[in-house]
Each structure stands twice: as C-alpha cells, then as structure tokens.
Amino acid sequence: MSTIDAILPPATLGMLGGGQLGRFFVHAAHEMGYQVWVLDPDANSPAGRAADRHILAEYEDFAALDLMAETCAAVTTEFENVPAGTLDYLAKFIPVRPGAAAVSVCQNRIVEKTFLADNGLPHGAFRALRSVDDLNDLPDDLFPAILKVARFGYDGKGQVTVHDAAQALHAFNEFGGEACVLEKRLSLDCEVSVVLAREASGSVTVFPVAENRHRHGILDVSITPARVDDALAVQARQLAEHIATQLGYVGTLAVEFFISGGALYVNEMAPRPHNSGHATIDANVTDQYMQQVRALCGLPLGLPRAHSAAVMVNLLGDLWYRTGDERAHEPDWSVLHAVPNLRLHLYGKHHARAGRKMGHFTVVDTDVEAALVAALAARTAIG
Ligand code: ADP
Ligand code: MG
C-alpha cells in the first residue's frame with residue numbers, strides 16, 4: 001500500500017505541459033475540487049488558458065519550478081518530452097507522477113525498444129542507429145523499414161520509409177545524423193491501443209481496447225471497443241499492465257500496438273493520457289483524466305467500464321481551410337450539433353494549421369457499428 005496520504009481538495013495540482021491533454025486534466029481536476037497550475041512556454045496554450053494559474057516559462061526554468069513546488073501538492077505531465085531533469089528536480093520537493101525513470105523510457109525510441117526487448121515483450125525487428133557505422137551489416141529482411149528519430153517525434157513526424165541500406169544512410173544523414181531507430185515496416189491488420197491507470201500501491205485499472213485508424217501518420221478515428229479477437233484484446237490488456245508494472249508507473253499510461261499476421265506487437269508507449277482515450281470522457285464511468293488525477297493524488301482508481309460504444313474523430317486544422325482559400329474559416333459546427341449522440345470538444349487553439357489537432361468529437365451508441373456509421377457521416381458532413 002502507498003504510504004503517502006491522499007491529496008484532497010482544495011489542494012493545487014501541477015501540470016507540466018499546456019496541450020489539450022493537459023486541458024482535459026484541468027477540467028477533470030476542477031470537477032473534483034482541485035486547483036491546477038500549468039507550466040508551459042506558450043502564452044496561448046489550451047491548458048494554460050483553462051488553469052487557475054498559467055506559469056509562462058520554459059520547462060528548465062528553475063525559478064518557475066520552485067514556484068510550482070511551493071504551491072502544488074503534486075505534479076504530473078501531459079507530454080513525454082518534459083526534460084527528465086525537470087521531473088527529478090521537482091521530485092526533491094513534491095510527488096511527481098509518473099516519475100522521471102518511467103518517462104525517460106518513453107522519451108527515446110532506442111531506450112523504449114531496448115526496454116521491450118529486455119522484458120521479453122513482443123516488438124518488431126529494429127536496429128538502433130547512433131552513427132553511420134551502425135548501418136553496416138543490416139539484414140535484408142529488415143526492409144522495407146521506417147527510419148524514426150529517437151527523440152521528439154510525434155504524429156508521424158521525423159519518420160521516413162526506406163527500402164535498402166543506401167536509402168537508410170541517405171535518410172539518416174538528412175536527419176542530421178541524430179540517433180534513430182530503423183524498424184521493419186510491418187504489414188498491419190490493424191492498430192489498437194490500451195490506456196490504463198496505475199496507483200502507487202500497484203493496483204491497475206485498464207480501459208477497453210481501442211481500435212485506431214491513422215491518416216498520414218496522425219490518429220484519425222478511434223473505435224471502442226476494438227473489433228478484434230477477444231483473445232488478442234485480453235493479451236493487449238495484459239501486456240499493457242505488465243509494462244506499467246515493469247516501469248513502476250504511477251498515473252495514466254497508453255500503449256500502442258500493431259496487429260500484424262494476427263499477432264500483437266508493441267509499437268510505443270505514452271507516459272500520459274492518450275488521444276485514443278478521449279472517448280472515455282463521454283463513454284466511461286471514470287475517464288482517463290480522472291484516473292490521472294486519482295493516481296496523482298493517491299486516491300483509489302475509479303471504475304473504467306464503458307457504458308457505451310464510442311467512436312472518436314480528430315478534427316485537424318486542415319478543416320479550417322477551403323480549397324483555394326488561404327484564410328482560415330471556422331467550420332460550421334451546427335452540422336455536428338445536429339447529431340444528438342455526438343459530443344464536440346474544441347481545444348481553443350488560436351491558430352489552425354494543417355495537421356494540428358484542434359478538437360475532436362465522439363459519437364456514442366449502444367452499438368459500435370452504428371456509432372461508426374454516424375461518426376463517419378458526421379465527418380463527411382463537416383467537410
Ligand atoms: P508517433 O510517435 O508519431 O505516433 P509511431 O511510431 O506511433 O509514431 O508511428 C505513427 C504511425 O505510423 C503508426 O501509428 C503506424 O500507423 C505507422 N507506423 C509506424 N511504425 C510502423 C511500422 N514499423 N510498421 C508499420 N507501420 C508503422
Ligand atoms: Mg504513435
């Protein structure tokens with residue numbers, strides 16, 4: 001059992017990162033009676049604007065971290081690239097959940113894949129590339145492969161498909177010779193993810209498996225429950241729980257999987273709530289952000305059960321631009337509000353950019369196929 005006393009309202013919680021995931025955490029924490037301070041260097045960050053206080057500073061601004069540590073009872077994060085040194089520094093004063101050790105595994109694709117290999121977790125073939133020498137003697141069956149920068153990649157950025165060692169070398173140099181992983185490109189039956197929460201005591205609650213469709217490397221549609229074989233869903237949930245335990249994880253964690261040739265492969269982990277878990281806000285007894293608050297505060301986790309099937313559709317900045325028009329136009333949201341079992345979430349971002357996640361909607365229904373049909377129709381209608 002955890003020896004730390006529960007943190008109760010009206011305590012102030014700290015959030016490192018000001019994106020939409022942080023904003024939903026702020027909403028959940030507010031609903032539960034807490035105050036939230038958000039640290040983010042962007043004056044218009046979605047979470048910062050919803051918070052009780054937005055500390056406008058860089059993540060390695062120690063005066064800002066001191067301020068946070070003085071007021072906040074505990075701190076968490078909403079994106080994996082918070083420097084481990086920042087988490088370690090705050091941990092000297094207040095609980096930091098998840099901790100730097102777990103976050104740093106998820107920050108670097110080489111460390112992450114090595115963690116999977118060392119723990120006997122199923123993963124695709126890969127090579128760590130730290131210098132051009134590592135490109136010698138690559139096995140032919142690694143190709144076609146995807147070269148990914150080890151750090152700071154997201155939404156398919158910093159990735160390129162290569163068909164042989166010469167192309168891999170060219171792409172490695174194009175990325176400036178920074179550390180990369182080269183992974184075999186799997187032929188995918190589908191992709192799924194598991195979001196879970198783990199308490200300091202070690203108890204884990206696992207959300208239903210989500211089935212994910214990507215467009216141009218960005219999550220597009222997420223369907224829960226995933227329409228996959230029951231045995232695979234059980235295995236995915238078990239693997240995710242095992243990963244959380246091995247990481248000594250406290251908080252909300254997401255694990256992305258590939259299904260290829262009927263078998264599961266771990267793709268990557270995210271040490272935070274996940275885009276594919278957004279639907280839990282609208283379809284589950286306790287959502288992924290409430291679990292993050294609960295785990296952070298040392299409260300028992302809530303029931304993760306879904307009361308509806310749900311289909312979540314991301315709304316990217318592209319929607320703001322009509323063909324042949326350079327100016328951004330607000331989409332006609334009344335089209336979505338006309339669907340009674342649809343819930344629209346907009347993040348209040350100031351600038352719509354192509355590929356930028358501006359919002360999402362979730363369609364709930366007792367039947368997953370009906371939810372999918374309605375969600376896709378709504379997406380076509382909005383443009
Ligand atoms: P990100 O951090 O951008 O989410 P991912 O490694 O999850 O990076 O890659 C984004 C998407 O690209 C995946 O969800 C999948 O659709 C595709 N992808 C990535 N790696 C592979 C692979 N090894 N084989 C097949 N598809 C892949
Ligand atoms: Mg991913």
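Colleague: How many bridges join strand 1 to strand 2?
Modeller: There are 5 bridges between strand 1 (residues 12–16) and strand 2 (residues 35–39). The two strands run parallel. Keep in mind that this is a predicted model.

Colleague: Which residue does Leu13 stand opposite in strand 2?
Modeller: Val36.

Colleague: What order do the strands of the open sheet have?
Modeller: The order is 3-2-1-4, for 4 strands with parallel pairing. Strand 3 (53–55) and strand 4 (74–77) stand at the edges. Each has a single partner strand, so one side of each is left without a neighbour in the sheet. On average, neighbouring strands of this sheet are turned by 25 degrees against each other, ignoring direction.

Colleague: New topic. Are strand 13 and strand 14 parallel or antiparallel?
Modeller: Antiparallel, with 7 bridges. Strand 13 covers residues 251–260 and strand 14 covers residues 263–270. Ser260 stands opposite Ala263 in strand 14.

Colleague: What about the hairpin there, how many residues lie between the strands?
Modeller: The hairpin has 2 residues between strand 13 and strand 14. Gly261 takes a positive phi there, near 55 degrees.

Colleague: On to ligand 1. Which residues come nearest?
Modeller: Gly156, Glu183, Arg185, Leu186 and His214, out of 16 residues around ligand 1.

Colleague: How does that shell divide into nonpolar, polar and charged?
Modeller: The shell around ligand 1 has 4 nonpolar, 6 polar and 6 charged residues.

Colleague: And where does ligand 1 lie relative to the domains?
Modeller: Between domain 2 (125–184) and domain 3 (190–382), because both give residues to the shell around ligand 1.

Definitions and conventions: Residues are numbered from 1 along each chain as its sequence is written. Chains are lettered from A and ligands numbered from 1 in the order in which they are written. This is a predicted model: local features need pLDDT of at least 70, side-chain atom pairs count only at pLDDT 80 or more; totals for chains, interfaces and linings use all residues. A residue is near a molecule or strand if its C-beta atom, placed from the backbone, lies within 6 Å of it. Ala, Val, Leu, Ile, Met, Phe, Trp, Tyr, Cys and Pro count as nonpolar, Asp, Glu, Lys and Arg as charged, and the others, Gly among them, as polar. Domain bounds come from an automatic or database domain assignment. Two strands pair if DSSP finds at least two bridges between them. Axes are lines fitted to C-alpha atoms, for helices over the stretch in contact, and angles run from 0 to 180 degrees between N-to-C directions.
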